[in-house]
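Open the model in your viewer and keep the selection tool at hand. The stops below say what to select next and what is there.

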Amino acid sequence: MGRVYNFSAGPAVLPEEVLKEAAAEMLDYNGTGMSVMEMSHRSAAYQAIIDEAEADLRELMNIPDNYKVLFLQGGASLQFAMIPMNLMKNKKAAHIVTGQWAKKAYQEAKIYGEAVEVASSADKTFSYIPDCSDLDIPEDADYVYICENNTIYGTKFKELPNTKGKTLVSDVSSCFLSEPIDVTKYGVIYGGVQKNIGPAGMVIVIIREDLITEDVLPGTPTMMKYKIHADNGSMYNTPPCYNIYICGKVFKWLKKMGGLSAMKELNEKKAKILYDFLDESKLFKGTVEKKDRSLMNVPFVTGDADLDAKFVKEAKAAGFENLKGHRTVGGMRASIYNAMPIEGVQALVDFMKKFEEENA
Ligand SMILES: *Cc1c(COP(=O)(O)O)cnc(C)c1O
């Protein structure tokens, strides 16, 4: 069986070129006679891999020198705790709750201090991004927390919130490297890599240096201090070696594709094909407010659960995988990350048109 079009929200599609390269290097990486999986993380060969990965990421995102790049384990979910443990000096954080991942981070922060919900879109099942231009942010809040792209419900902040001078912390798991961003607007940018970059099990944290201190909450485990990882170049302990290697290959692929501006253009083109169809379809419809639509995760429904199930089943048989919506929301969701080729989106829309005709 050949490759399918994989619309999984994560772990998700990777560039075929990267997979082929990794396959070719599996038994003998660059003349070392071993796989990257078998290599000491203290070896010169491995140091070159991690250094190059970091340098390429810095170049892609234009990361200033006063930000550290950390490759950590524990996924994005561990950051829900690591952020308050390291950043809650006043034990207070302002949270904008726009979906399930934002809610989980909010609930986790409550374990460590006072987490204040300053805005939410729960009233309309997270189908929009609230106006965040003038929020009531506590004077003594240590930071403002957002989940920038809502993987499950398919919304995206098109404009960052007005934090009233507070540090912005952003979970970018599902929009990482999908378009250029201004790193200087953030204190912390982090994301699990399994959505838009690489294999599951790793998170990349981009953090401004002044936020990395010894002054953490009492009881913070060594492994959960940003400082220990920053001081040791993400190698305090054995890092997720193979993940870093694959991510590094994806960074090179992105550079070859023309960088993040080119990716944005391509992602807009891809999303437009799908959204334009949803807007004209009599059977399918998108579920979020148009102005807040994500370029990465596109949820849609027919309005009939049985017909949704039939669609997912027939799509799978036709080579379109993982279109079932998140288990908590139902319907369908097409995740069209960087590595999803435009042909895949066009083929999906052609299939949806055919399904619509057959089920009119
Ligand atoms: C998937 C996801 C997470 C959780 O990632 P894990 O690596 O499984 O912990 C957190 N935030 C967002 C926005 C996600 O999409």
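Select Gln79 first: leaving out residues up to four places away in sequence, Gln79 touches Leu72, Pro84, Tyr190, Val203, Val205 and Tyr226, where contact means heavy atoms within 4.5 Å. This is a predicted model, in which local features need pLDDT of at least 70 and side-chain atom pairs count only at pLDDT 80 or more, while totals for chains, interfaces and linings use all residues. Residues are numbered from 1 along each chain as its sequence is written, and side-chain values use heavy atoms, with hydrogens and water left out.

Gln79 lies in helix α3 (residues 75–87); helices (H or I, at least four residues) and strands (E, at least two) are DSSP runs, numbered from the N terminus. With a relative accessible area of 0%, Gln79 is buried. Buried means under 20% relative accessible area, exposed over 50%, and partly exposed in between (1.4 Å probe, protein chains only).

Next, select Lys92 in strand β3 (residues 92–97). Lys92 is buried, at a relative accessible area of 15%. Its side chain makes a polar contact with the side chain of Asp140 at 3.2 Å. A polar contact is a pair of N or O atoms within 3.5 Å; within protein, one must be able to donate a hydrogen and the other to accept it, and residues adjacent in sequence count only if both atoms are side-chain atoms. Neighbours within four places in sequence aside, the residues in contact with Lys92 include Glu114, Val116, Pro138 and Tyr143.

Move to Asn150, in strand β6 (residues 149–150). Is Asn150 buried or exposed? At 2% relative accessibility, Asn150 counts as buried. The side chain of Asn150 reaches the backbone oxygen of Thr98 at 2.4 Å and the backbone nitrogen of Tyr153 at 3.3 Å.

Now show helix α8 (residues 305–317). At 1.5 Å a residue, its 13 residues should span 18 Å, and the end C-alpha atoms are 19 Å apart, which agrees; the expected span is 1.5 Å times one less than the number of residues. Colour the buried residues of α8, which are Leu307, Asp308, Phe311, Val312 and Ala315. They cover an arc of only 140 degrees around the axis, which puts them on the same side of α8; the arc is that of the directions from the helix axis to the C-beta atoms. The face turned away from this buried side carries the exposed residues Asp306, Lys313 and Ala317. What covers the buried residues of α8 includes β12 (297–301), β13 (320–321), β14 (332–335) and α9 (342–358). Just after α8, Gly319 takes a positive phi of about 95 degrees.

Residues making the contact include Leu266, Ile273 and Phe277 of α7 and Val345, Val349 and Met352 of α9.

Finish in the loops. Pro11 is found between β1 (5–6) and α1 (16–24), and the peptide bond from Gly10 to Pro11 is cis, with omega near -10 degrees. Ser234, in the loop between α5 (226–231) and α6 (241–256), has a positive phi near 60 degrees.
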